[in-house]
Amino acid sequence: TASSANAFEYAGIGQNIYEADWDSVQPGDYVNLSRTTGSGHAVIFVAWIVEGGEKVGLRYYGCNTSGDSCPDPADPENLEGVSGPGFKTERFDDYGGTVMQQYLFIGRVFMPGT
C-alpha cells in the first residue's frame, strides 16, 4: 500500500512505524488513514485517544472537509469561523468511528544529518 511512510523508507529519509511499535509514535509523525466511508487523509499525528488502556482513535492536525480547509468547529483549540488547517479527533471503526486501523500507516522522517 502506498503511504508517506513507505516513501520515506524507500527514499532513505525516514521509517515506517508499524502497529507493533505504535507506542513509539510521536507528535509530528506523518499519518495516512483510510475510512470505512471510502475517504482517506494525510495528516500530522498529535496524540492517541486511549480509553481503558486501549487505543481507540487518534488526534491529528490537518486540513479537513472535502474541497475546503475547515477545522472541526467543536474543537476548542480551533478559532471559531476561521477556515484553514485545524485539529481533529477520530475514532477507529471498532470503537464507533470510521478510521480503519488496518489501513493506518505512520511514518517518521529522520532528522537531517542522521
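Two strands count as paired here if DSSP finds at least two bridges between them, and the strands themselves are DSSP runs (E, at least two residues; helices are H or I, at least four), numbered from the N terminus. With that in hand, V50 has K55 in β4 as its bridge partner. This is a predicted model, where local features need pLDDT of at least 70 and side-chain atom pairs count only at pLDDT 80 or more, while totals for chains, interfaces and linings use all residues. Residues are numbered from 1 along each chain as its sequence is written, and side-chain values use heavy atoms, with hydrogens and water left out.

**The sheet**

- Six strands make up an open, antiparallel sheet, ordered β1-β6-β2-β3-β4-β5.
- β1 and β5 (86-91) are the edge strands with a single partner each, so one side of each has no neighbour in the sheet.
- On average, neighbouring strands are turned by 40° against each other, direction ignored (axes are lines fitted to C-alpha atoms, for helices over the stretch in contact, and angles run from 0 to 180 degrees between N-to-C directions).
- Helix α1 (residues 4-11) packs on this sheet and touches β1, β2 and β6, its direction making about 140° with that of β1; touching, or contact, means heavy atoms within 4.5 Å.

**Who pairs with whom**

- β3 and β4 (residues 54-62) are antiparallel and joined by seven bridges.

- Leaving out residues up to four places away in sequence, L104 touches W22, V31, N32, L33, W48, F92 and V99.

**R35, a buried arginine**

- R35 sits in the loop between β2 (30-34) and β3 (40-51).
- Its relative accessible area is 13%, so R35 counts as buried (under 20%; exposed is over 50%, partly exposed in between, with a 1.4 Å probe and protein chains only).
- What does the side chain of R35 make a polar contact with? The side chain of E90, at 2.7 Å (a polar contact is a pair of N or O atoms within 3.5 Å; within protein, one must be able to donate a hydrogen and the other to accept it, and residues adjacent in sequence count only if both atoms are side-chain atoms).
- Beyond its neighbours within four places in sequence, R35 is in contact with G40, H41, Y60, E90, T98, V99 and M100.
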